[in-house]
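Here is a friendly look at helix packing and domain contacts. Please have the model open as you read.

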Amino acid sequence: MALLETRGLTKHFGGLAAVQGVDLAVGDGEIVGLIGPNGAGKTTCFNLLSGFLPPTSGTIHFAGEDITGLRSHAIVRRGLVRTFQHTTLFQDMTALENVLLGLHLHSATGLRHALFSRESFPREEIEQCRTVLDFTGLGAHADQLARNLPHGHQRILGIAMALAARPRLLLLDEPVTGMNLDESGRVMALVKTIRDRGTTILLVEHNMKAVMGTCGRIVVLNFGQKLAEGTPAEVSTNPAVIEAYLGAGLEHARS
Amino acid sequence: MIRRVVLAVALLGALLVPQVGNDYYVHLFALVFINVILAASLRPSLTCGQLNIGHSGFMCIGAYTSALLAKHYALPFELTLVIGALLAALVGTAIGYPSLRLRGVYFAMVTVAFVEVIRLIAAIWVPLTRGNSGLSSIPKPNLLGTTLTTRAGQYYLIVALTVVTLLILWKLEQSRLGLIWKGIGMADHLAQSLGVNIAAYKLLAFMIGCFFAGVAGALYAHFIRFLFPPEFGFLVATNILVYNFVGGRGHFIGPIVGAIFLSLLSEPFRGSAYETIFFSIAMLLTILFLPGGIITLPGKLAGFRWGRAASAPTPSPAG
């Protein structure tokens, strides 16, 4: 039984089929890449999986449970956490506060703590957040405002916040966008470490070097439909995939 | 440290008003503190990014509820206060639950409509509220079996409840709850992606605000002892909003500073047409010159001075 399984996942925006009948399975402990040309429906897929959009039809099963149509906060509670394509952070909070919000679901503090404790946050929660920051290499920046961090660090902070929510499956939407070779290499190494610690990963990425080097399996979308699926080697030599990315070539041009 | 001194001085000043000033000043500062409660209690909703322009409607509910219960059933103030505030929170929940999914200006429109509806109910339901003739001879606050007959006693009651309200709101803002509100205001979809039920937290912020607006209303009712529907209209609600913006939205102290500053400065115009003009000008000046509100003024002044000193080359650490 796969950790995540969709059947006939479909999303229509008016007359446009952004995602059309996609069957997707992600097994426990995998790193799966979701690729495809711009507009192929990758981010829509993420929005459907994470409950930000309701699917038009089809089902989503996570850890054996039907989560189709659940609201996003309920899906996060079950261990399916996403990050965003564009750098999305609480810009005017410190890195530590950002991660504290990621810890939201696992905090036991209620109204009584809020009103009667001298400390705003329990010491162990702060410690947990610092551990997450250290793990992602942001430990030294805990007290900096998110907006003052360099772009690469901001992207990693986004991942750190998602990690604080303790996902079983982490959806990463273009984690290395806008990074140089060195930075993207470090992030992809981090992604592997996260997987090794027991979190399954599904990622969307345009950086083919990063995808090919990290993912065990790749799913290719084109015009909202699944075009191909397989190991990086299989996918990168698949004629249909090459055509989708590069066009049909001379044959097509002549006709 | 400086903060504590300022707070202590402010509190001492507040306590000394009845000793050094006459009834006029007691009256003035009592209204100032009621405005402080109103302004501070609007803050949680504003922090979530919800523009509530109907806060005086909830104050109205608290005021009439408390006044009528005390007048007709001779209930003690501690009871009428709580019932009034709870009713305000309850109505807030009923209004907030369906409308908090609306954003920005649409939510604001709902609250504008609400405050006018409440004002009209108070004006039209004559058998209960005496309508636009006003509800008069509201009993003095009867607290724990003793009636506060003196102006000073009633004033201290308001000061005490203002302090309690501010303490509670401050603690909430410092807690995880406050961080979540802030997060929703900055990037609600991100908060959602971390498992925050944003609708629930927005509703909670709104309810808490309505509760304390109800508290302010009850205090007002038993201090002024006369209720008149137009005093709870749309313009009053916008004033509460202006306190927040002029004071500054970046810190808890902002709405408090704004309420004190504007209530005192607008005192000469109270009740006249110039009051609206005054608040409009205050708002415009803030937007133009102090977008962060009065609380950013000290920092700006300090920065201005450093800016001049820095015209000579100064070594800056870590570039």
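## A helix pair in chain B

In which hand of crossing, left-handed or right-handed, does α11(B) pass α13(B)? The crossing is left-handed. Keep in mind throughout that this is a predicted model.

To find the pair, look in chain B for helix α11 (residues 234–247) and helix α13 (residues 274–289). Their axes come within 10 Å and cross at roughly 30°. Angles under 35 degrees count as roughly parallel, so α11(B) is roughly parallel to α13(B).

## Residues where the helices meet

On the α11(B) side, the contact is made by Leu235(B), Asn239(B), Val242(B), Phe245(B) and Val246(B). Facing them from α13(B) are Thr276(B), Phe279(B), Ala282(B), Met283(B) and Thr286(B). Sorted by class, this contact has 7 nonpolar and 3 polar residues, with no charged ones.

## Two domains in chain A

Now turn to chain A, which is divided into domain 1 (1–79 + 168–255) and domain 2 (88–166). Taken over C-alpha atoms, the centres of these two domains of chain A are separated by 27 Å. Domain 1 of chain A brings 11 residues to the contact, and domain 2 of chain A brings 10 residues.

## The domain 1 side of the contact

Which elements of chain A each supply at least two residues to the side of domain 1 that touches domain 2? They are α2 (72–77), β7 (169–173) and α7 (181–196) of chain A. With 4 residues, α7(A) gives the most to this side. By class, the residues on this side of domain 1 of chain A divide into 8 nonpolar, 1 polar and 2 charged.

Note on methods: Residues numbered from 1 in each chain as written. Chains lettered and ligands numbered in written order. Predicted model: local features only at pLDDT ≥ 70, side-chain atom pairs only at ≥ 80, totals over all residues. Axes fitted to C-alpha atoms, helices over the stretch in contact; angles between N-to-C directions. Parallel < 35°, antiparallel > 145°, perpendicular 65-115°, else oblique. Left-handed = near helix turned anticlockwise from the far one by under 90°. Contact = placed C-beta atoms within 7 Å. Nonpolar A, V, L, I, M, F, W, Y, C, P; charged D, E, K, R; others polar. Domains from an automatic or database assignment.
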